Amino acid sequence: MGNTSSMLTQYDIEEEHCNNTFSQQEIVSLYQRFCQLDRSGEGFISADEFLSVPEFAVNPLSQRLLRMIDGLNFKEFVAFLSAFSSRATPDQKIEFIFKVYDLDCNGKVTFNDIMDMLRDLTGTYISEQQRQQVLTHVLEEAGYTKDSLFVLADFVKILGSSGLKMEVEVPVD
């Protein structure tokens, strides 16, 4: 595969397949980064190759994210990163967050899915009982219960109206 953009076709660098979140120049830069990560040269990035990025390896959600990204080809890599673009819409970012929570990819997020995420994020800093109490309280405040099943529309409703700023971006040079 090599570390040059000469392997890219015009279609590969068209902005439409990444929801116009990256310019053609940024797509070329992402391709160069993709090639650096794809040490095997097989056209996809393995979990081990993703873990070679120090910032990714120390992220408390790295194992959860690996389930989403292991084996991505270049177009899938760009689509994955598009949620981190400064041009991604709030709905695109919320959809990404939903996918992070929906590990079994069934289109639903349960109380236990959210608890799993909280465990990943808090580690041993708070007890299981404290996590359950906090989550139950937050859900009740939002009009939900422990038995509620959340779909993407619920995430959009809750996060979209919260004024939450989702400013994590991937620098593309």
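Q: Is cysteine 105 buried or exposed in this model?
A: Cysteine 105 counts as exposed, because its relative accessibility is 67% and the cut-off for an exposed residue is over 50%. Please keep in mind from the start that this is a predicted model.

Q: And cysteine 35, is that residue buried or exposed?
A: Cysteine 35 has a relative accessibility of 6%, and therefore counts as buried.

Q: How many disulfides are found in the structure?
A: The general idea is that a disulfide is a covalent bond between the sulfur atoms of two cysteines. In this case, a search of the whole structure finds zero disulfides.

Q: Which elements make up the protein, and how many of its residues count as buried?
A: Of its 173 residues, 37% count as buried. Considering the contacts between residues at least 6 apart in sequence, 58% join residues at least 24 apart. The accessible surface comes to about 10200 Å², and 52% of that area belongs to carbon and sulfur atoms.

Q: Which residues of helix 7 are buried, and what covers them?
A: Helix 7 (residues 111–122) has 12 residues, and its span of 16 Å is close to the 16 Å expected at 1.5 Å a residue. Phe111, Asp113, Ile114, Met115, Met117 and Thr122 are its buried residues, and their cover includes helix 4 (62–69), helix 6 and helix 8. After helix 7 comes glycine 123, with a positive phi near 55 degrees.

Q: How many aromatic pairs does the structure hold, and how is such a pair described?
A: A pair of aromatic rings is described by the distance of the centres and the angle of the planes. The structure holds 11 aromatic pairs. In one of them, the ring centres of phenylalanine 50 and phenylalanine 77 are 6.4 Å apart and the planes stand at 40 degrees, so the pair is tilted. This pair links distant parts of the chain, with phenylalanine 50 in helix 2 (residues 47–51) and phenylalanine 77 in helix 5, 27 residues apart. Both phenylalanine 50 and phenylalanine 77 are buried. Another pair, phenylalanine 98 with phenylalanine 155, is edge-to-face, at 5.0 Å centre to centre and 85 degrees between the planes. Because phenylalanine 98 lies in helix 6 and phenylalanine 155 in helix 9, that pair ties together parts that are 57 residues apart in sequence. Phenylalanine 98 and phenylalanine 155 are buried as well.

Q: Which residues form one aromatic cluster?
A: The cluster is formed by Tyr31, Phe34, Phe50, Phe56, Phe74 and Phe77.

Q: Where is glycine 107, and which residues does it touch?
A: Glycine 107 is in the loop between helix 6 and helix 7, and with a relative accessible area of 31% it is partly exposed. Leaving aside residues up to four places away in sequence, glycine 107 touches Phe98, Asp102, Phe150 and Val151. From glycine 107 to phenylalanine 150 there are 43 residues in sequence, while their C-alpha atoms are 8.3 Å apart in space.

Q: Is threonine 136 buried or exposed, and what does it touch?
A: Threonine 136, which is found in helix 8, counts as buried because its relative accessibility is 19% and the cut-off for a buried residue is under 20%. Apart from residues up to four places away in sequence, threonine 136 touches Phe111 and Lys146. The C-alpha atoms of threonine 136 and phenylalanine 111 are separated by 8.6 Å, and the two residues are 25 residues apart along the chain.

Terms used: Residues are numbered from 1 along each chain as its sequence is written. This is a predicted model: local features need pLDDT of at least 70, side-chain atom pairs count only at pLDDT 80 or more; totals for chains, interfaces and linings use all residues. Side-chain values use heavy atoms; hydrogens and water are left out. A disulfide is a pair of cysteine sulfur atoms within 2.5 Å. Buried means under 20% relative accessible area, exposed over 50%, partly exposed in between (1.4 Å probe, protein chains only). Helices (H or I, at least four residues) and strands (E, at least two) are DSSP runs, numbered from the N terminus. The expected span of a helix is 1.5 Å times one less than its number of residues. Contact means heavy atoms within 4.5 Å. Rings of Phe, Tyr and Trp (its six-membered ring) pair if their centres lie within 6.5 Å; planes under 30 degrees apart count as stacked, over 60 as edge-to-face and the rest as tilted. Accessible areas come from the Shrake-Rupley method with a 1.4 Å probe; for residues, only the protein chains shown count as cover.
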